[in-house]
Amino acid sequence: MNEQFLNDVVTGLSAKTKKLNSKYFYDDEGDVLFQKIMQSEEYYLTDCEYEIFKGKSPALAGVFIDQLKSFELLELGAGDASKTKFLLEALVNRKADFTYMPIDISGSMITYLEDNLPSKIPGLKVTGLNGEYFPMLEKVKTISSRKKAVLFLGGNIGNMDPDDALAFCKQLHASLNPGDYVLMGFDLRKNPHAIFNAYNDKAGYTKAFNLNLLKRINNELGADFQLADFEHYNSYDPLTGACRSFLVSLKAQQVNLDGQAFHFKANEVIDMEISQKYSMEEIYDLGNQANFEVVETFFDSKEWFLDMLWKVT
Ligand SMILES: C[S@@+](CC[C@H](N)C(=O)[O-])C[C@H]1O[C@@H](n2cnc3c(N)ncnc32)[C@H](O)[C@@H]1O
């Protein structure tokens, strides 16, 4: 049994507002459901960033090749790297001297990338690292002293509360050396309906993705959540930019886990995930406070999403 997973779940369900950590969404079934979310009509984030990578990868590859010469390309929370592939192709086409190092807590995603990318992009070197962001970043430092470009794409930074995002950016800055690069994806504030719909897809993949974590807790930790007694609810607050996913207990009920009983009142919620939306001002503030220097901004044509290129100073 994964002791850390158990401890985190017990701590989360014991809190005044029950909470589960969204990093645990990604077991094998969660990975597949997230890919379905990315392909759904309503989830615009992937399409926007796909457009950026399809169009801007040659320019981005040029910056990395000219500035870094020989480097490691790290990707934190790589998932299926469906957008990164354009950058990898652009780098390989220009015979860049680099290794792609995807880091992901999901072992199945790392295996998938190591098995598939080298045959799809001949000449690409891939070293996958299965684990959490910072421990894996430290591991990279023990195997390579080359310069680094770090990708942190999609909704990843948005899955942190703004305070945690700042702490994350500061820690990332401290883990890198002057002259290294970071490319970070930000979902921008926009019409609230578009944001709301992205997390309430008609096919129900977001709902299934949230409920799958309860299923995972049942399967891996031996809990007895009755999935039919919980429903998914998502809200977006245009004042704060916080889009939040919850599971709502449909009745008063008790869930048993590891010899403990957790009581739910009717309509009590479990806080599942934040997907924070950013204004340009907030992004510039975040970079400034973490001591990153803005190099370039890459937008999609609707200006719904931004990939910000920062340099470590
Ligand atoms: C929202 S998905 C985004 C995937 C990809 N970045 C994209 O834009 O398509 C988040 C990914 O980050 C991974 N992840 C989440 N928390 C993590 C952590 N603390 N350490 C390492 N990987 C993590 C998940 O397993 C998942 O593959």
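The model is predicted, so I took local features only at pLDDT of at least 70 and side-chain atom pairs only at pLDDT 80 or more, while totals for chains, interfaces and linings use all residues. Residues are numbered from 1 along each chain as its sequence is written, and side-chain values use heavy atoms, with hydrogens and water left out.

Over residues 7–311 I noted 42% helix and 26% strand, with the end C-alpha atoms 37 Å apart. Helices (H or I, at least four residues) and strands (E, at least two) are DSSP runs, numbered from the N terminus.

I looked up glycine 128 in the loop between helix 5 (107–120) and strand 3 (129–130). Glycine 128 is buried, at 18% relative accessible area (buried is under 20%, exposed over 50%, partly exposed in between; 1.4 Å probe, protein chains only). Beyond neighbours within four places in sequence, glycine 128 contacts Pro102, Ile110 and Glu114 (heavy atoms within 4.5 Å).

I then checked phi. Most residues other than glycine have a negative phi. Lysine 95 has a positive phi of about 55 degrees; I found this residue in the loop between helix 4 (84–93) and strand 2 (97–104), exposed at 73%. Aspartate 258 has a positive phi of about 50 degrees. Aspartate 258 sits in the loop between strand 8 (253–257) and strand 9 (260–264) and is partly exposed at 48%.
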